[in-house]
Amino acid sequence: MGRKVYLDNAATTYVSGEVLSEMLPCFNAIYGNSNSLHSYGRDASAIVDRARDRIAHAINAQKSNEIYFTSGGTEADNWAIKGIAHAYASKGKHIITSSIEHHAVLDSCKELEKEGFSVTYLPVDKTGLVNLADVIHAIRKDTTLISIMAVNNEVGTIQNIKAIAKTAHDYGLVFHTDAVQAVGAFRLDVQDMEIDAMSISGHKIYGPKGIGALYVKNGILIDNLIDGGNQERGKRGGTVNVPAVAGLGKAVEIACRDISINQQKLKAIRDYFIKSVKEKIDYIQINGHPQQKINGTVNISFEMAEAESLLMLLDLDGIAVSTTSACMSNALEPSHVLRAMGLSDDLAQSAVRFSFGKNLSKSDIDYVVEMLVKDVARLRSISAITKAGRK
Amino acid sequence: MYNQTVMAKFLRPENAGTLRGANAVGKAGNATCGDVIKLYLLVDEEGVIEEAKFKTFGCPASIACSDVACDLVRGLLVDEALNVSSKEIYDELGGLDDSRVYCSVLAEDAIKLAVENYYKKISK
């Protein structure tokens, strides 16, 4: 078996040992239904409570009961957008979001449009940033909700969440953020940042798949998501997935505890990677904001080399990367994010996302760059787009 | 996503590259996905396609379809090349994922555009 390097941590991560240890007893030792009154149930319930406390503490929620467990980031986004929009529908039916959100948010908005809601999709500049003035201009009398992602999943640009949240509150609106890519990248303080609702996911931060959470500040209205039980304060019924919840609680706790050390490491890896790529490969463009971005994600367009072909060649070298977002790898159209940032089709079609994990070494990066040099050259040698013909 | 035939053609395309003395070229582009296929033909005095080569900016399917298109037109009369269909290219590759069928259409377009380009040149 040849060498393998995983550079798709923004798609998903492995489950860390600490998280796994937290989860394992919940499968067969503490297996009660957290809703049961007996000791088995109470033991399970204690685990769920502890996970909720850990998350609340990590994001500085005022109360633990503001954390609702969901099946993941996508469910949290769906619930936040539709649940809040519906709960405030008597006040107005206009929502503001950005054109570079994850499809969990965009497609939820599209569904609401079918029901008669109207949605403003704010543009972004070429670095992927939403302009605060655009937010203010988009606010109408019937606006109820603003949802802007904290970090973009494709290019890593960090939005000015706090300023947008403050603006939302100046106008009496609810503010939601999809923070799936932000947890562990920088400190999220929902009180200081004035966030009313926030989606998080387990499997991007060394936790298990199929689990996430929605923070909803007490006092903010949101429709129930699943009827049929009093779990999650009656808002999302169904027996709680105790092992996954335990894993999520631990993963969020660790991610927030280790921000400083992890980010130092990721920054060193990222900077070394970019420096090496720039030195060894011509005609590249780094997409996203030059400074206001997370350390773990780099998006690069290798001009004249098509991204999916590059992905497949790198895969044969044992290297995992992604083009646009993993859910999109079946789609024909270039990334909606890169298009919104104004990239030409050629550049968007040449864009590869490298997302780093905490276990990478410098020699991993050396290997990746060596393979990139070879594979990019190979695709360019048979490309229909020439240096002279570039747009 | 890709079967073994497609992957083999993608990894070892026999017809990739420029063609010296080419007297016709067809460039087909897909506006939606951005893929571009350039097909080069060398047509002799009797109107027989002696050689065909391609240069493609596109996904593995587009590259594989380009390679097959060259094989299919080589040795044909220019007019006969117009009969090479995307279906033939698709079949030759043992099928393509639904989302990549357009790549075979793009290759067929490139053949037609190359023939058109050939006639334009000889009519001058």
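What we are looking at is a predicted model.

Is E232(A) buried or exposed? The cut-off for buried is under 20% relative accessible area. E232(A) has 7% relative accessibility, so it counts as buried. Leaving out residues up to four places away in sequence, E232(A) touches R52(A), I67(A), Y68(A), F69(A) and V240(A). R233(A) also belongs to the loop between β8 and α8 of chain A. R233(A) is partly exposed, at a relative accessible area of 46%. Its backbone deserves a look too: phi of R233(A) is near 55 degrees, a positive value in a residue other than glycine.

N60(A) also has a positive phi, near 55 degrees, and N60(A) is not a glycine either. You will find N60(A) in the loop between α3 (39–58) and β2 (67–70) of chain A. N60(A) has 27% relative accessibility, so it counts as partly exposed.

Now the domains of chain A. The assignment gives domain 1 as 5–13 + 259–379, and domain 2 as 17–257. Taken over C-alpha atoms, the centres of these two domains of chain A are 27 Å apart. At the boundary, 29 residues of domain 1 of chain A are in contact with 36 residues of domain 2 of chain A. Between them, domain 1 and domain 2 of chain A bury about 2,700 Å², with 53% of that on carbon and sulfur atoms.

How many salt bridges does the rule find across the interface of domain 1 of chain A and domain 2 of chain A? The number there is 0. Polar contacts between domain 1 of chain A and domain 2 of chain A come to 19 residue pairs, both residues at pLDDT 80 or more. By class, the domain 1 side that touches domain 2 of chain A has 11 nonpolar, 15 polar and 3 charged residues.

Next, the interface between the chains. Here 26 residues of chain A are in contact with 24 residues of chain B. The area buried between chain A and chain B is about 2,000 Å², and carbon and sulfur atoms give 62% of it. There is 1 salt bridge between chain A and chain B. Which side chains meet in a salt bridge at 2.5 Å, N to O? They are those of E308(A) and R100(B). The polar contacts between chain A and chain B number 8 residue pairs, both at pLDDT 80 or more. On the chain A side, α10 (307–316), α12 (345–348) and α13 (362–381) each supply at least two residues. The largest share of that side, 5 residues, comes from α10(A). The side of chain A that touches chain B divides into 12 nonpolar, 7 polar and 7 charged residues.

Side chains of opposite charge can pair when their charged atoms come close. Over all chains, the structure holds 27 salt bridges. One of them joins the side chains of D364(A) and R3(A), at 3.0 Å, N to O. D364(A) is in helix α13 of chain A and R3(A) in the segment before β1 (5–6) of chain A, so this pair ties together parts 361 residues apart in sequence. D364(A), at 13% relative accessibility, counts as buried, whereas R3(A), at 35%, counts as partly exposed.

Helix α13 of chain A comes up again. The side chains of D317(A) and K374(A) meet in a salt bridge at 3.2 Å, N to O. D317(A) lies in the loop between α10 and β11 (319–320) of chain A and K374(A) in helix α13, so the pair ties together parts 57 residues apart in sequence. D317(A) is buried, with a relative accessible area of 14%, and K374(A) is partly exposed at 41% relative accessibility.

Last, a network: E22(A), R50(A), R54(A), K250(A) and E253(A) are linked by salt bridges.

Conventions:
Residues numbered from 1 in each chain as written. Chains lettered and ligands numbered in written order. Predicted model: local features only at pLDDT ≥ 70, side-chain atom pairs only at ≥ 80, totals over all residues. Heavy atoms only, no water. Domains from an automatic or database assignment. Contact = heavy atoms within 4.5 Å. Buried area = accessible area lost by both parts, 1.4 Å probe. Salt bridge = Lys/Arg side-chain N within 4 Å of Asp/Glu carboxyl O. Polar contact = N/O pair within 3.5 Å; in protein donor to acceptor, adjacent residues only side chain to side chain. Nonpolar A, V, L, I, M, F, W, Y, C, P; charged D, E, K, R; others polar. Buried < 20%, exposed > 50% of the residue type's maximum accessible area, 1.4 Å probe, protein only. Helix = DSSP H or I, 4+ residues; strand = E, 2+ residues; numbered from the N terminus.
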